Amino acid sequence: MIAAHPEREQIQLTNVLTALGNPLRLRVVRILADGGEHTCGSVLPDVAKSNLTHHWRVLRDAGVIWQRPSGRELLLSLRREDLDARFPGLLDILLAAADRETTV
């Protein structure tokens, strides 16, 4: 893992909500909610790599995602278990709301 990941008990609600308040980062979380690991380049291939680096850092530092090196790639996954333990139901509510907004 990359060193900047906060421990579960260090994840703060305000940081999570700030991170997920950005539509692009919320889109990333919706993609990662499938439970798998994704390479950084495959999550949002239509967005510039330099722009994504910032968003990965915000999500990682807030405790929303894991970043794991795998060869020359970084793999991303959602910290679903940690988020559910810290804030039960929050992720489900946010994802459901995001799904409703995209279907309108």
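Buried here means under 20% relative accessible area. By that cut-off, helix α4 buries Leu52, His55, Trp56, Val58, Leu59, Arg60 and Ala62. The model is predicted. Its chain averages a pLDDT of 91, and 95% of the residues score at least 70.

**Confidence**
- Helix α5 (residues 80-86) has the highest confidence in the chain, at a mean of 97.
- Helix α6 (residues 90-103) has the lowest, at 86.

**Helix α4**
- This helix has 14 residues.
- From first C-alpha to last, α4 reaches 20 Å, close to the 20 Å expected at 1.5 Å a residue.

**Largest pocket**
- The largest pocket holds about 260 Å³ of space.
- Its lining counts 15 residues, and Cys40, Gly41, Lys49, Thr53 and Trp56 are the closest to the centre.
- Two or more lining residues come from each of α3 (40-43), α4 (49-62) and β3 (73-78).
- Helix α4 gives the most to this lining, with six residues.
- By class, the lining has seven nonpolar, five charged and three polar residues.

**Where the topics meet**
- Trp56 is buried in α4, and Trp56 is also among the residues closest to the pocket centre.

Key:
Residues are numbered from 1 along each chain as its sequence is written. This is a predicted model: local features need pLDDT of at least 70, side-chain atom pairs count only at pLDDT 80 or more; totals for chains, interfaces and linings use all residues. Side-chain values use heavy atoms; hydrogens and water are left out. pLDDT is the predictor's confidence in each residue, from 0 to 100. Helices (H or I, at least four residues) and strands (E, at least two) are DSSP runs, numbered from the N terminus. On a 1 Å grid over the protein atoms alone, a cavity is a set of points where a 1.4 Å probe fits but cannot get out, and a pocket is an open set with protein on both sides within 12 Å along at least five of seven lines; lining residues have an atom within 4 Å of a point. Grid points are joined across faces, edges and corners, and a volume is the space filled by probe spheres set on the points. Ala, Val, Leu, Ile, Met, Phe, Trp, Tyr, Cys and Pro count as nonpolar, Asp, Glu, Lys and Arg as charged, and the others, Gly among them, as polar. The expected span of a helix is 1.5 Å times one less than its number of residues. Buried means under 20% relative accessible area, exposed over 50%, partly exposed in between (1.4 Å probe, protein chains only).
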